[in-house]
Amino acid sequence: MTRYGDYQTEIYAGGLAGHLPAQPVDFASLERKAAEVLPSWIHSYVAGGAGDEHTQRVNVTEFQRWGLVPRMLNGARDRDLSTELFGLTLPHPLFLAPIGVLGLCAQDFHGDLATARACARTGVPMAVSTLTQDPLEDVAAELGDTPGFFQLYTPDDRDLALSLIHRAENAGYRALIVTVDTWVTGWRPRDLNTANFPQLRGYCLANYTSDEAFLRRLPANPAENPSAVVGEWVNVFGRSLGWQDLDWIREATDLPILLKGIQHPDDVRRAKDHGVDGIHCSNHGGRQANGGVPALRMLPEVVEAAGELPVLFDSGVRSGTDAVKALALGAAAVGVGRPYAYALAAGGEHAVAHQLRSLLAEADLLMAVDGYPDLAALRQADLRQL
């Protein structure tokens, strides 16, 4: 059983030898550091949200409305953070939520690979976006024994969709996360004010340009005509899914299927009727639609409607404390987004590994101090609104 909280002992011991952490452990410091090192066009895309970004902000502040009541003398000296997910026994419930421009957050523009290597070092599963700088097969290879999940933006071409799904299967991904809230891009003023959209500049399209089904849509020698690649990507990127689409997606793969972007309990129940294996409760971190309810506020209702189906969660998670609160509200696993993207910008693979270990240490120590020895106890916690 890994004692994730021991990471703080390593940090303090390093201090005694005159070694300070190369990167900060907290989100606010990472955010500032990333803003200093990222080119403005990348930073605005990663940091920005929809509209005036109110939904993005309340995703974060919603966590502050919940307080965990400690339970003392509860045998929490040793904590077991392990969890079961889709037949996998995972050492902890943290995973990396997909980020479509992750590749650009690294200095060499291969951030998907660097992040996968950090996941291999820490055992944190990675949800890999359709929009990567390197093909999904190359990212999977860097994960080693750590599970990867493939996040699908379902294209408006069934042959291409099936090709991407089968490639994910063959590459060893352990689940398919179908995003349902991003068939069209939300209104993002930060990027609109600078007319900046990285994919329209040809970035993060490696899973398309490495796919035979996509290449068949292009004229000969696409490498000599990058504008044709981008133009065809625009034509094919997003399909406005209907419930009936889940049937052919279900038939296409034996991988567990999750729907990402579900927040209403009625949608959960309907998804169950179509044979999905899990729900990913998320509002895309506030990037797609402004004016919505914080995703965390909907989580208990989603969990109740899901019943035996596992519910993954992301949106607004900035710390190990946030992750613990989402777990106490019923999430089977909790995804983190911007913190690891900012760590990647600040210091590459090593900084991502440091940030993931920091998140796990904070969560582990909080459970220790508050008297929750495992996730089963945490899910029975007295969590009150402040």
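1. Start with a term. Angles between axes under 35 degrees count as roughly parallel, over 145 as roughly antiparallel, 65 to 115 as roughly perpendicular, and the rest as oblique. The axes themselves are lines fitted to C-alpha atoms, for helices over the stretch in contact, and the angles run from 0 to 180 degrees between N-to-C directions.

2. Next, the ground rules. This is a predicted model: local features need pLDDT of at least 70, side-chain atom pairs count only at pLDDT 80 or more, and totals for chains, interfaces and linings use all residues. Residues are numbered from 1 along each chain as its sequence is written, and side-chain values use heavy atoms, with hydrogens and water left out. Helices (H or I, at least four residues) and strands (E, at least two) are DSSP runs, numbered from the N terminus.

3. Look at H5 and H16. Two packed helices are described by the angle between their axes and the distance between the axes. For H5 (residues 111–122) and H16 (residues 338–370), the axes come within 8 Å and cross at roughly 10°. H5 and H16 are therefore roughly parallel to each other. Contact means heavy atoms within 4.5 Å. On the H5 side, the contact includes Gly111, Ala114 and Arg117.

4. H16 has another partner. The axes of H15 (residues 320–328) and H16 come within 7 Å and cross at roughly 60°. H15 and H16 are therefore oblique to each other. Their crossing is right-handed. A crossing is left-handed if the near helix is turned anticlockwise from the far one by less than a right angle, and right-handed if clockwise. Gly320, Thr321 and Val324 in H15 meet Leu359, Glu362, Ala363, Leu366 and Met367 in H16. The residues of this contact of H15 with H16 divide into five nonpolar, two polar and one charged.

5. Now compare H7 and H12. H7 (residues 158–171) packs with H12 (residues 245–252) at an angle of about 40°, with the axes 10 Å apart. That makes H7 oblique to H12. H7 passes H12 in a right-handed crossing. Trp248, Ile249 and Ala252 are the H12 residues here, and in H7 they meet Arg158, Ala161, Leu162, Ile165, His166 and Glu169. The residues of this contact of H7 with H12 divide into six nonpolar, one polar and two charged.

6. How much of H3 is buried? Six of the eight residues of H3 are buried, so H3 is largely enclosed by the rest of the structure. Buried means under 20% relative accessible area, exposed over 50%, and partly exposed in between (1.4 Å probe, protein chains only). The buried residues are Ile42, His43, Ser44, Tyr45, Val46 and Ala47. They pack against H2 (27–37), H4 (54–61), H8 (189–192) and H16.

7. Zoom in on Ser44. It lies in H3 (residues 40–47). Ser44 is buried, with a relative accessible area of 12%. A polar contact (a pair of N or O atoms within 3.5 Å; within protein, one must be able to donate a hydrogen and the other to accept it, and residues adjacent in sequence count only if both atoms are side-chain atoms) of 3.3 Å joins the side chains of Ser44 and Asp191. The backbone oxygen of Trp41 also lies 3.3 Å from a polar atom of the Ser44 side chain. Leaving out residues up to four places away in sequence, Ser44 touches Arg190, Asp191 and Asn196.

8. Check two phi angles. Most residues other than glycine have a negative phi, and most peptide bonds are trans. Phe109 has a positive phi, near 65°. Phe109 sits in the loop between S4 (94–96) and H5. At 23% relative accessibility, Phe109 counts as partly exposed. His284 also has a positive phi, of about 60°. His284 is in the loop between S9 and H14. His284 is buried, at 12% relative accessible area.

9. Finish with two loop residues. Gly291 lies in the loop between S9 (278–281) and H14 (295–306). Gly291 is exposed, with a relative accessible area of 65%. Gly291 and Ala50 are 241 residues apart in sequence and 8.9 Å apart in space, C-alpha to C-alpha. Trp183 is in the loop between S7 (175–179) and H8. Trp183 is partly exposed, with a relative accessible area of 44%. Its C-alpha atom is separated by 5.4 Å from that of Arg239, 56 residues apart along the chain.

Notes: Ala, Val, Leu, Ile, Met, Phe, Trp, Tyr, Cys and Pro count as nonpolar, Asp, Glu, Lys and Arg as charged, and the others, Gly among them, as polar.
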